[in-house]
Amino acid sequence: MTWYGDPPPTASLTLPGWVRVALRGAALGCVTYGGLVLLLLLRCVERPLFGLNRPWTPRITQGVCRAALRIMGIGLSVRGTPMQHRGAMVANHASWLDIFALNACAPVYFVAKSEVSGWAGIGWLARATGTLFITRKGTEARRQQQQLEDRLRAGHRLLFFPEGTSTDSQRVLPFKSTLFAAFFTHGLETVLHIQPVTVAYRAPAGTDPRFYGWWGDMTFAGHLLAVLSSPKQGSVEVVFHAQVPVDAYANRKDLAQYCERVIATSHPGPERPARP
């Protein structure tokens with residue numbers, strides 16, 4: 001059975017832990033926000049020339065995310081090939097680290113809940129890298145549907161998390177089919193493909209298997225400190241499954257169920273803590 005339970009206990013940081021936080025945090029901040037400045041400058045040229053299309057700046061995001069994982073010491077392995085067809089990717093969601101892991105593998109544009117745009121530091125990065133923000137208001141449904149269609153028609157490869165929330169990294173929650181509806185409108189189903197993507201974390205040796213999971217009342221700052229201060233790091237594996245044409249499925253629910261089944265089947269599932 002998959003499990004949540006109480007979050008892993010937060011250990012008091014020792015002096016070596018604070019040193020690791022300082023060194024990794026400084027390097028991470030320089031790479032991340034230095035890349036942001038470069039991206040914004042290049043976007044000033046890219047936008048007038050290409051409009052919604054972004055042929056250059058996603059490569060900056062990809063390079064920054066690869067460097068960020070190296071700075072944190074988290075290993076990355078990839079199986080399969082990111083899709084080249086027009087369409088979207090869908091993945092399970094375990095942590096804020098998913099953004100780095102998935103961006104490191106391929107140029108993508110995330111679909112995120114609107115609250116993310118207001119998160120300190122992260123909101124700026126998300127907006128600059130082309131994240132599409134979605135609200136839960138029914139009155140916004142039509143406008144958001146149009147935004148999704150516009151981005152898909154512009155050739156953006158969108159990536160969203162159908163679970164709707166992050167987890168303890170040991171489970172795949174049932175997929176919500178709401179966002180899949182955008183692929184079944186105005187003939188898009190005849191030209192778009194969907195690619196399921198599995199993200200699986202391996203915790204540092206000797207730590208709670210849920211070390212990289214981020215859920216419940218866990219704060220971003222607290223989880224970031226735990227990751228940066230850890231003397232050992234684990235790894236993340238990203239599996240790109242076969243892409244499928246949208247019109248191979250009768251409706252959004254069938255497509256959502258297919259993606260959930262593929263991702264859940266390849267996910268390693270719960271890893272129990274070792275007995276002392």
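This briefing walks through one protein structure, topic by topic. Keep in mind that the model is predicted. We start with helix 1, which covers residues 15–50, and then visit the largest nonpolar core, which has 35 residues.

**Helix 1**

- Helix 1 has 36 residues, and at 1.5 Å a residue it should span 52 Å. Its end C-alpha atoms are 49 Å apart, which agrees with that expectation.
- Follow the helix along and you will find a bend of about 35 degrees at arginine 43.
- Which residues of helix 1 are buried? They are Gly17, Val21, Arg24, Leu28, Thr32, Gly35, Leu36, Leu39, Arg43 and Glu46.
- Just after helix 1 comes glycine 51, with a positive phi of about 65 degrees.

**The nonpolar cores**

- In soluble globular proteins, nonpolar side chains tend to be buried together.
- Here, the largest nonpolar core has 35 residues, and those with the most contacts inside it are Met72, Ile74, Leu97, Leu102, Leu159, Tyr201 and Val227.
- Several elements give two or more residues to this core, among them helix 1, helix 2, strand 2 (87–91) and strand 6 (193–202).
- Helix 3 gives the most to this core, with six residues.
- Look at leucine 97 up close: leaving aside its neighbours within four places in sequence, leucine 97 is in contact with Met72, Ile74, Tyr201, Tyr212 and Val227.

**Strands and their partners**

- Strand 2 is mostly covered, with five of its five residues buried.
- On strand 6, nine of the 10 residues are buried, so this strand is largely enclosed by the rest of the structure.
- Strand 6 and strand 7 are antiparallel and pair over six bridges, with tyrosine 201 partnered by valine 236.
- Strand 6 and strand 8 (residues 244–245) run antiparallel too, joined by two bridges; histidine 193 stands opposite proline 245.

**Cysteines**

- How many disulfides does the structure hold? The count is zero.
- Cysteine 65 is in no disulfide; the nearest cysteine sulfur, that of cysteine 105, is 9.7 Å away.
- Is cysteine 65 buried or exposed? Cysteine 65 is buried, because its relative accessible area is 6%.
- Cysteine 44, by contrast, counts as exposed, because its relative accessibility is 57%.

**A serine to look for**

- Most residues other than glycine have a negative phi.
- Serine 169 sits in the loop between strand 5 and strand 6, and it is buried, with a relative accessible area of 3%.

Notes. Residues are numbered from 1 along each chain as its sequence is written. This is a predicted model: local features need pLDDT of at least 70, side-chain atom pairs count only at pLDDT 80 or more; totals for chains, interfaces and linings use all residues. Side-chain values use heavy atoms; hydrogens and water are left out. Helices (H or I, at least four residues) and strands (E, at least two) are DSSP runs, numbered from the N terminus. The expected span of a helix is 1.5 Å times one less than its number of residues. The bend at a residue is the angle between axes fitted to the seven residues ending there and the seven starting there. Buried means under 20% relative accessible area, exposed over 50%, partly exposed in between (1.4 Å probe, protein chains only). A disulfide is a pair of cysteine sulfur atoms within 2.5 Å. A nonpolar core is a set of buried Ala, Val, Leu, Ile, Met, Phe, Trp, Tyr and Cys residues joined through side-chain atoms within 4.5 Å. Contact means heavy atoms within 4.5 Å. Two strands pair if DSSP finds at least two bridges between them.
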